[in-house]
Amino acid sequence: MIWLHLAIQSALARKGALLIMVLSTAISVAILLGVLKVRDDAKTSFSNAISGVDLVLGSKGSPAELILYSVFHLGKPTNTIPASLEKDITAIPLVDWIVPIQLGDSYRNYPVVGTSTAFFERVRAQGRPLVIQAGKALTDPTSFDVVLGSRVAKSLGLTLSNQIAIAHGSGSGPKKDHSDSPFKVVGILAATGTPIDQALYISTQAFDALHDIQDGGQLQFAKLDPNSRVNAFFIGLKSRASIFSARRQIDDLKNANLMAVMPGVALDDLWSTMEVAENALILIAYGVLLTTILGITATLLIALDNRRRELAILRAIGAKPFQILFFILAEAFLVCMIGILAGWALLQALIAMYADQLRTEWGVVSSFGFPNTADLTSLLIVLFTVLLFATIPAAKAYKMALHDGLNPPSP
Amino acid sequence: MRRHFLRRCLVLTAGFSAGVMHPLIALATAYKEIDWDELIPEGWRKQVILELARMRRFANAEDGDPKAEQAYAKLKKTWDSAPIVKSMIGKKVRIPGYVVPLDAERMQSSDFLIVPYFGACVHSPPPPANQIIMIIPPKGTRTRTMDAIWVEGVLGEQRTFSEAGTSAYVIKADKVTPYR
């Protein structure tokens, strides 16, 4: 191991240049791993948002769009369907449960979801049922109660029995803020790492009341609104094998404006459209990586001229030419290894720092993690390629060591 | 759309009668390779062929033709209440199919359906109930919509809670492999 030791000592003597090499390797590795990770995390965060829901019912249009706004609260809900459909759908014997979803209002940029009490029993996140961390779920549909997603409660500093005023419309900016119509926080959901964390939940009746209110008027429950409309229904079936029969029976309701979407299919569709962007990202990451590999090789090659004396001395004290070759390769290996480790550490640090932003701004849940098989494979490719490229300067050093002997030309 | 559906039905019938949907090489395993046709009871097949033959006269009907609508509704009912072949239940089988995912959630392997032809259920009308198999995959299985796969496992029966009180096929899969 004397050669490894020598390589380290030699490297330390030239630490300035090598540090920059390590740094550039680290940054490229961080970018590569980051892209791979974001892709993975985005995918799981995306697909974890909703489970146990067999069909999402909405107004006819793009299935992907319906899933995007009803589940992920992304984009703007456009069309609505009559809430009275709930009765017709419950009447279909295949249907086990149905949960309405109303959207379009917000509280300080967080979407407000109008739903039924069943939402908290039926909808699951990451395959697990929703857990109420404090307080209770919505129980009384005719009260101005609100249940908060964990993220909402945390970032707005809200606790149980706080009164809040929910505004009509979405997005920030000045708007009618019905300060005279406070909702009371009755429950806070435990964190799920899904868009469920980032919404407020009120009953559909409260939601309708919010919409019926006139300027300066008092918020109050009208008689059950027969014209109430919802953006979507989540539907669960008694037997999942009968999903197509159920879909057909929904079609048979003769409401031409309806569309029943299977969330799994819509999500796969969504991902296949994103694949292009995904691949472009990976291409860029590998481009950056190739640049780094070439950079390392170039630096090694240039440094070689300055190292002729060093190598000549090594020859003089008994180093064989192939040991010189190994010597150069060892350096490349070390730079690369340290670069990879540093790159990984850099990425973890970045994730730790920006995980919250990633989640709130982009809906991507990212966390500390060791590289998975795919990551390790790409890192091995990197290491191998660097060693392969490093044979160019190493072979040159080998030849030089043979030619120069103890009398290298003065640089 | 309707006409397209009828055409599809006719194509499907041709497939049924010819019985050449999957001319595949059987592998020497404990799992008996089966054809989707074997999952259709003979009596029901004849009934459907008759029904479809009767529908042929609607091939050029206008959209919204009440008689065509009626026939279509009847056919859908027949499709949904398609019976299963009881004698196949409990057999160790190996069958190819296209994946239709049920869940959005993909952390662990989640249940999905397989169907005999590409695009079924997603873009075009679904096949009859006895041409859909629910798959409970082993852990770690990752599939996507319309992946072509082989499934190995014991064919089971599952009640569907439909009006007709029919059953459906289910396989608790021992193995799910890509179709090659």
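Helices (H or I, at least four residues) and strands (E, at least two) are DSSP runs, numbered from the N terminus. The structure is a predicted model, in which local features need pLDDT of at least 70 and side-chain atom pairs count only at pLDDT 80 or more, while totals for chains, interfaces and linings use all residues. Residues are numbered from 1 along each chain as its sequence is written, chains are lettered from A and ligands numbered from 1 in the order in which they are written, and side-chain values use heavy atoms, with hydrogens and water left out.

**View 1. Chain A as a whole.** Chain A has 12 helices and 14 strands. Of its 411 residues, 51% are buried (buried means under 20% relative accessible area, exposed over 50%, partly exposed in between; 1.4 Å probe, protein chains only). Among contacts (heavy atoms within 4.5 Å) in chain A between residues at least 6 apart in sequence, 79% join residues at least 24 apart. The accessible surface comes to about 19100 Å², and carbon and sulfur atoms account for 62% of this area (Shrake-Rupley method with a 1.4 Å probe; for residues, only the protein chains shown count as cover).

**View 2. The loop between β7 and β8 of chain A.** A:S143 is found in this loop, which runs between β7 (132–135) and β8 (145–148). A:S143 counts as buried because its relative accessibility is 13%. Its side chain makes a polar contact of 2.9 Å with the side chain of A:D145 (a pair of N or O atoms within 3.5 Å; within protein, one must be able to donate a hydrogen and the other to accept it, and residues adjacent in sequence count only if both atoms are side-chain atoms).

**View 3. Helix α3 of chain A and its surroundings.** In this helix (residues 63–71), the buried residues are A:A64, A:L66, A:I67, A:Y69, A:S70 and A:V71. They pack against the strands β1 (55–59), β3 (95–107), β13 (232–237) and β14 (258–261), and against α9 (263–306). Just after α3(A), A:H73 takes a positive phi of about 55°.

View 4. Neither residue is a glycine, yet phi is positive at A:R108, about 45°, and at A:N109, about 80°. A:R108 counts as exposed because its relative accessibility is 57%.

**View 5. A nonpolar surface patch on chain A.** A:L23, A:I27, A:I31, A:L346, A:L350, A:M353 and A:Y354 form the patch, with about 640 Å² of accessible area together. Helices α2 (15–48) and α11 (321–362) each supply at least two residues, and the largest share, 4 residues, comes from α11(A). A:I31, in helix α2, is partly exposed, with a relative accessible area of 35%.

**View 6. Helix α12 of chain A at A:T385.** A:T385 lies in α12 (residues 373–404) and is buried, with a relative accessible area of 17%. A:T385 and A:L294 are 91 residues apart in sequence and 9.7 Å apart in space, C-alpha to C-alpha.

Definitions and conventions:
Patches are made of residues with over 30% relative accessible area and no salt bridge: like charges are joined within 9 Å, nonpolar side chains (Val, Leu, Ile, Met, Phe, Trp, Tyr) within 5 Å. A salt bridge is a side-chain nitrogen of Lys or Arg within 4 Å of a carboxyl oxygen of Asp or Glu.
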